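Here is a brief report on one protein and its ligand. It covers the fold first, then the ligand shell.

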Amino acid sequence: MFTGFRPSRLFLTLALTLFLPQALALAQPPVEPPPPECGPLLENQCQSCHYLPRVCSKLGKKSRRGWQATIRVMIRRGATISAEDQARLADCLAQSEPGIVAACKK
Ligand code: HEC
């Protein structure tokens, strides 16, 4: 009997070579860009109108909501900060993130 050609095995091999790489690619976690660093964000966004001590003196004294409100006031005064950067900065400031503390010590 002729057994050399086995369609099921051929199909399996084909399926594996075609779909395995894709399945593996899908299994990788999506690479998210890291959030912008707190220190440079503060330096770039918050010292064009006043020196940083104005901001730094309030570290540890405002909640995240408080910082959000402050940032909104700054925007009313003319600051232009993207929505993402606003949210990131509010987190950074509310947590007194190390990058913020370092920027404040400069
Ligand atoms: C467009 C100009 C401008 C920019 C940019 C700006 N500020 Fe201000 N900020 C002001 C003005 C005007 C005042 C009020 C006058 C003053 O006290 O110097 C102020 C005061 C403050 C104060 C003290 C008063 C309070 O509400 O506690 C803080 C804190 C502050 N800013 C934080 C920030 C932060 C954080 C950023 C960056 C996200 C920022 N500012 C960016 C204009 C600006």
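## Fold

The protein has six helices and zero strands. Read from the N terminus, the order is α-α-α-α-α-α. Helices (H or I, at least four residues) and strands (E, at least two) are DSSP runs, numbered from the N terminus.

The radius of gyration is 26 Å, well over the 13 Å from the globule rule for 106 residues, so the protein is more spread out than a compact globule. That radius is taken over C-alpha atoms, and the rule is 2.2 Å times the number of residues to the power 0.38. The C-alpha trace spans about 90 × 25 × 20 Å along its principal axes.

## Basis of the model

This is a predicted model: local features need pLDDT of at least 70, side-chain atom pairs count only at pLDDT 80 or more, and totals for chains, interfaces and linings use all residues. Residue numbers start from 1 along each chain as its sequence is written.

## Burial

Of the 106 residues, 14% are buried (20 or more other C-beta atoms within 10 Å of a residue's own, with C-beta atoms placed from the backbone).

## Ligand shell

The ligand is surrounded by 17 residues (C-beta atom, placed from the backbone, within 6 Å of it). Cys46, Cys49, Met74, Gly78 and Ala79 are the closest.

Helices H2 (38-46), H3 (53-56) and H4 (64-76) each supply at least two shell residues. H4 gives the largest share, four residues. By class, the shell has nine nonpolar, five polar and three charged residues. Ala, Val, Leu, Ile, Met, Phe, Trp, Tyr, Cys and Pro count as nonpolar, Asp, Glu, Lys and Arg as charged, and the others, Gly among them, as polar.

Terms used: Buried ≥ 20, exposed ≤ 12 C-beta atoms within 10 Å, placed from the backbone.
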